[in-house]
Amino acid sequence: MTTLPERAGRRCHNVVNTVHSALYFSPDLRDELGKLGLQEGAYFAGRGAALGRVEAGTITATFYNFKHELVAGFIPRLWDVASPQDILQARLRACDSMMRRLLGDDVVASPEMAEAAELALRATEGCSRSARPLYSAHADLPVPDAPHLAYWHAATLLREHRGDGHLMALATAGVGPVEAIVGHAASGQGMSEKWLLATRGWSEEELAAGRERLRERGLLDADGKLTEAGVKQREDLEEATDRLDAGPYEHLGAAGVERLTELGTVFATAVVKAGAFPPDLRG
């Protein structure tokens, strides 16, 4: 029996995750990894380094919606250029510069940032390692001392915990990688076709075939929009993810979730207004 308002955990995650995900679009990460000699593959390196020196198959499995051949073009070659540990240190340096650039030094050093970090870290105490490889790998990393970096670290743990659970929901529902991204795009919440083609490794023909499979299942209409059944499937997937991701927010409690959502909303709004995300990102 939940003690939280409906979708409270999802709302909290969404605003906290904004600061986490902004790093992977930032010039700060590209610059820091560039200093290590990594001129491409920043996302695979930056997010995958917590897993250690893994092969391409592990990244494909845990990231889910990238074409394996794209992943294999970078992994494990990236680890020969820079070690996972060096990449993780570069990621923290990039996080520091990004948050100072987007939020300002006053916000970074504010009591509100320290409070948000404490709340987010407390929430992570309710996370589960079982069947959650990306979360579990990040949970092995030390918590940074600086509050703003601790907030980003906790946001990362919460994002990967929910993300691992979402992959369980997708697999249970029989939604493959291509169907997942084109269905998400059709909802208006996912990446635009331009970004899918540029970042996920699938061709226009493969994306079109994925949409056709969704049409055959009655989830997309002839115009590529979600049908009533498609909308229901998307919501069912999110509700299943909510159930799998309830632990951290139940642990934090209703008052804590409400306060973290309030603080996270302030930071997320500032990050978005500062132009952290490309304007053509969404479908």
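This short talk covers the salt bridges in one structure.

First, the ground rules. This is a predicted model, where local features need pLDDT of at least 70, side-chain atom pairs count only at pLDDT 80 or more, and totals for chains, interfaces and linings use all residues. Residues are numbered from 1 along each chain as its sequence is written, and side-chain values use heavy atoms, with hydrogens and water left out.

Now the count. The structure holds 24 salt bridges. A salt bridge here is a side-chain nitrogen of Lys or Arg within 4 Å of a carboxyl oxygen of Asp or Glu. Side chains of opposite charge can pair when their charged atoms come close.

Next, some pairs. Take Arg 100 and Asp 105. Their closest N and O atoms are 3.2 Å apart. Arg 100 is partly exposed at 34% relative accessible area. Asp 105 is partly exposed too, at 46%. The scale: buried is under 20% relative accessible area, exposed is over 50%, and partly exposed is in between (1.4 Å probe, protein chains only).

On to helix H9, residues 111-124. Helices are DSSP runs (H or I, at least four residues), numbered from the N terminus. Arg 122 and Glu 118 sit four residues apart in H9, about one turn. Their salt bridge spans 2.8 Å, N to O. Arg 122 is partly exposed at 30%, and Glu 118 at 38%.

Then helix H14, residues 204-216. Arg 215 and Glu 212 form a salt bridge at 3.2 Å, N to O. They are three residues apart, about one helical turn. Arg 215 is partly exposed at 29%, Glu 212 at 36%.

Last, a network. Salt bridges link Arg 7, Arg 10, Arg 162, Glu 235, Glu 238, Asp 242 and Asp 245.

Key:
Helix = DSSP H or I, 4+ residues; strand = E, 2+ residues; numbered from the N terminus.
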